[in-house]
Amino acid sequence: AALSIAAAFPDLFADFIDVVKDMTVGKAETSSGRQRAFWAQQGITAFGVSHGLGIGPGSFRSSSLITAILGATGVIGVASFVGYVLVVLKPLNQSTYGKLRVPNSVAADFGGACAVAAIVGLAPDMVGSPTPVPPFLFSILAGFAVSLRGADGVFRRRHRAAPLTSTARQQSRGA
């Protein structure tokens with residue numbers, strides 16, 4: 001269908017290609033693209049000037065979350081952020097990729113969905129955040145992911161324990 005439209009309307013197809021180029025690879029040649037490159041360079045420059053320590057949050061603005069974290073908090077901040085993203089995502093955990101086959105795993109399944117949503121939600125900020133602070137929605141979803149997966153693990157550990165006998169139940173109530 002696309003080739004038929006290109007053959008029937010070559011001018012329309014050429015205009016479409018121009019729009020796609022302007023929105024992607026041609027963006028760097030515009031004044032906006034040059035400004036973004038300048039602001040991104042600020043984070044890299046701050047990282048270099050501080051010898052990898054960073055110059056502190058709030059000290060400058062950048063044009064991406066990565067360069068902002070790099071310039072503001074240095075190697076320690078980048079390592080901490082990557083570590084936190086790994087804790088949130090739990091890339092080796094089955095709940096990250098799909099439904100668990102364990103009974104009563106709704107919390108872990110929902111936590112996995114929140115983790116993926118939090119990480120995917122970072123994509124716009126990776127190319128557009130002026131500060132090293134992750135967005136509010138990331139924080140909320142990451143908190144849900146960490147807490148729900150932890151709560152589900154506690155739930156499963158509690159129910160794997162041997163059931164209490166009626167005598168033990170009476171003793172635990174009286175204590």
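This note goes through the helices, their packing, the aromatic pairs and a few individual residues of a predicted model.

1. Basis of the note. The model is predicted, with local features requiring pLDDT of at least 70 and side-chain atom pairs counting only at pLDDT 80 or more, whereas totals for chains, interfaces and linings use all residues. Residues are numbered from 1 along each chain as its sequence is written, and side-chain values use heavy atoms, with hydrogens and water left out.

2. Overall composition. The protein chain has eight helices and zero strands, and from the N terminus on its elements run α-α-α-α-α-α-α-α; here helices (H or I, at least four residues) and strands (E, at least two) are DSSP runs, numbered from the N terminus. Of the 175 residues in the protein chain, 27% are buried, where buried means under 20% relative accessible area, exposed over 50% and partly exposed in between, with a 1.4 Å probe and protein chains only. Among contacts between residues at least 6 apart in sequence, 57% join residues at least 24 apart, a contact being heavy atoms within 4.5 Å.

3. Packing of α3 and α4. Two packed helices are described by the angle between their axes and the distance between the axes. The axes of helix α3 (residues 31-49) and helix α4 (residues 65-89) come within 7 Å and cross at roughly 15 degrees, and α3 and α4 are therefore roughly parallel to each other. Axes are lines fitted to C-alpha atoms, for helices over the stretch in contact, and angles run from 0 to 180 degrees between N-to-C directions; angles under 35 degrees count as roughly parallel, over 145 as roughly antiparallel, 65 to 115 as roughly perpendicular and the rest as oblique. The crossing of α3 and α4 is left-handed, a term used if the near helix is turned anticlockwise from the far one by less than a right angle, with right-handed used if clockwise.

4. Residues between α3 and α4. On the α3 side, Ala40, Gly43, Ile44, Ala46 and Phe47 meet Thr67, Leu70, Gly71, Gly74 and Val75 in α4. The residues of this contact of α3 with α4 divide into six nonpolar, four polar and no charged, where Ala, Val, Leu, Ile, Met, Phe, Trp, Tyr, Cys and Pro count as nonpolar, Asp, Glu, Lys and Arg as charged, and the others, Gly among them, as polar.

5. Packing of α4 and α5. The axes of α4 and α5 come within 8 Å and cross at roughly 145 degrees. Val85, Val88 and Leu89 of α4 make the contact with Ala115, Val116 and Ile119 of α5, and by class the contact of α4 with α5 has six nonpolar, no polar and no charged residues.

6. Aromatic pairs. Rings of Phe, Tyr and Trp (its six-membered ring) pair if their centres lie within 6.5 Å, with planes under 30 degrees apart counted as stacked, over 60 as edge-to-face and the rest as tilted; by this rule the count comes to three aromatic pairs. Phe38 and Trp39 form an edge-to-face pair, at 5.2 Å centre to centre with 70 degrees between the planes; Phe38 is partly exposed at 47% relative accessibility, and Trp39 is partly exposed at 39%. The rings of Tyr84 and Phe138 have their centres 6.2 Å apart and their planes at 80 degrees, so this pair is edge-to-face. The pair links distant parts of the chain, with Tyr84 in helix α4 and Phe138 in helix α7 (residues 136-160), 54 residues apart. Tyr84 is partly exposed at 35% relative accessibility, whereas Phe138 is buried at 4%, and Phe81, Tyr84 and Phe138 form one aromatic cluster.

7. Positive phi values. Most residues other than glycine have a negative phi, and most peptide bonds are trans. His51, in the loop between α3 and α4, has a positive phi near 60 degrees and is exposed, with a relative accessible area of 74%. Lys90, in the loop between α4 and α5, has a positive phi near 45 degrees and is partly exposed at 30% relative accessibility.

8. Surroundings of Thr73. Thr73 lies in helix α4 and is partly exposed at 25% relative accessibility. The C-alpha atoms of Thr73 and Ile55, 18 residues apart along the chain, are separated by 6.6 Å.
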